Amino acid sequence: MAVDLLLGLQWGDEGKGKIVDVLTANYDIIARFQGGPNAGHTLEFDGIKHVLHTIPSGIFHKNAVNVVGNGVVIDPVIFKKELDALKKFNLDINAKLLISRKAHLILPTHRLLDAASEASKGKAKIGSTLKGIGPTYMDKTGRNGMRVGDLELSDWKEKYRNLANKHEAMISFYDVDIQYDLAELEADFFKAVAALKDLTFIDSEEYLYQAQKQGKKILAEGAQGSLLDIDFGTYPFVTSSNTTAAGACTGLGVAPNQIGEVKGIFKAYTTRVGSGPFPTELFDEDGETMGRVGNEFGATTGRPRRCGWLDLVALKYAVRINGVTELMMMKGDVLSGFDKLKVCTAYNYKGEQIDHFPYNIEAENVTPVYTEVNGWKEDLTKMTAADQLPKNLMDYILFLEKELEVPIKIVSVGPDRTQTIHR
Ligand code: GDP
Ligand code: IMO
Ligand code: MG
């Protein structure tokens with residue numbers, strides 16, 4: 001049985017959490033493969049809204065096992081908070097949530113290093129969520145990191161101390177004023193580690209291999225989006241992991257020839273939170289409307305998301321890099337009421353018109369070339385079938401499918417599980 005992937009195709013917050021929750025009904029296992037608590041994945045059902053950061057979005061389904069893969073970085077403190085918030089749902093956490101021994105741990109000093117690095121950059125800051133993601137992946141690739149499996153060894157506290165001491169020395173190298181009380185942070189950390197140790201640790205690559213052999217259906221859940229990928233995103237304004245399809249292979253130990261469908265998810269417009277280039281960004285009333293109607297505030301940091309028109313140059317790039325086989329369009333309901341919509345179909349790049357995603361998309365190099373299409377006025381949020389969708393929205397969908405050469409299989413018309421139209 002092949003492993004299907006679900007990935008964000010823009011700068012994150014496309015609606016991955018909602019769709020994974022919807023799709024979990026058809027899967028036995030949901031597995032997160034990268035990122036950490038920088039993610040905020042929102043689910044809504046039965047009048048409840050829930051935001052997950054590290055725990056996969058299949059957790060609310062009785063049928064599914066959720067795996068936190070080796071490619072994920074775990075902050076025990078945030079993880080514990082997520083677990084506490086799940087208590088009222090009476091889930092059998094030890095059976096339903098399995099954690100890879102190879103996943104790396106975010107230490108309190110990783111978070112401090114993130115803050116020190118950002119503060120030292122001044123205006124050039126990445127706009128990190130300050131969850132310690134960059135420093136943790138640096139320790140991973142630098143071969144200094146601590147892994148979940150280390151917590152099963154008797155000398156883990158020693159290992160922790162050595163690494164934290166090194167981090168403290170590094171923090172003092174930054175010429176910035178970071179106030180912290182490490183003893184207090186450590187007390188929280190040790191308490192949270194104790195809670196983490198009560199959970200089920202596994203060799204997740206072996207678990208997934210055996211599950212596949214038994215014919216279990218597996219969906220890999222991405223975090224962030226393709227344009228935040230460490231290699232293919234808008235570097236350096238990216239996150240520190242491979243958010244694209246290849247990341248699922250390394251982040252779970254699934255071989256490339258075992259990947260089945262690649263489900264790519266995008267908003268009907270574009271958002272970005274944090275710094276970095278964004279060619280179709282709007283600074284006018286239209287952008288303000290998208291932000292207000294779409295309630296575009298970061299699920300992890302609460303920061304307002306920057307909003308703009310759909311960028312097909314960027315989206316085509318993401319579709320190609322990931323090998324997307326089916327698309328899902330989210331938040332079409334937010335665009336109801338616009339007379340005209342713009343879609344960026346090319347860039348004016350250093351005086352030349354191009355339709356590929358270039359090395360540098362900074363505003364001084366790139367101006368978007370737009371195609372205008374008709375908007376729709378109808379409220380979509382109560383629609384339940386494709387034949388109810390307004391003609392102008394269907395024209396928008398058909399236009400995008402033609403440009404992207406991949407079918408749009410799901411049209412989402414609201415945040416709730418039920419507001420999902422399958423085509
Ligand atoms: P993720 O990080 O990709 O899981 O996305 P987030 O949860 O950070 O952000 C998506 C936001 O849009 C959440 O608040 C969702 O509840 C909401 N959402 C998802 N799909 C739709 C939709 O089709 N319409 C509207 N209006 N909101 C949606
Ligand atoms: P989900 O999974 C949107 C952005 C941050 C910042 C940059 C680097 O909810 O889609 P980091 O904390 O990784 O050092 O931040 O990446 N970012 C996200 N933006 N959604 C996310 O996750 C993000 N995770 C990180 O805003 O610009
Ligand atoms: Mg999010």
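Is Cys 344 buried or exposed? In this predicted model, Cys 344 is buried, with a relative accessible area of 0% (buried means under 20% relative accessible area, exposed over 50%, partly exposed in between, with a 1.4 Å probe and protein chains only). Residues are numbered from 1 along each chain as its sequence is written, and side-chain values use heavy atoms, with hydrogens and water left out. Local features need pLDDT of at least 70, and side-chain atom pairs count only at pLDDT 80 or more, while totals for chains, interfaces and linings use all residues.

The structure holds 0 disulfides, a disulfide being a pair of cysteine sulfur atoms within 2.5 Å. For Cys 344, the nearest cysteine sulfur belongs to Cys 307 and is 16 Å away. Cys 249 counts as buried, at 16% relative accessibility.

Aromatic pairs number 11 (rings of Phe, Tyr and Trp, the last by its six-membered ring, with centres within 6.5 Å; planes under 30 degrees apart are stacked, over 60 edge-to-face and the rest tilted). Trp 309 and Phe 338 form an edge-to-face pair, 5.7 Å centre to centre with 70 degrees between the planes. Trp 309 is buried at 4% relative accessibility, and Phe 338 is buried at 8%. The rings of Tyr 347 and Phe 357 have centres 6.4 Å apart and planes at 50 degrees, so this pair is tilted. Both Tyr 347 and Phe 357 are buried. Ring pairs also join Trp 156, Tyr 160, Phe 189 and Phe 190 in a cluster.

How values were computed:
Chains are lettered from A and ligands numbered from 1 in the order in which they are written.
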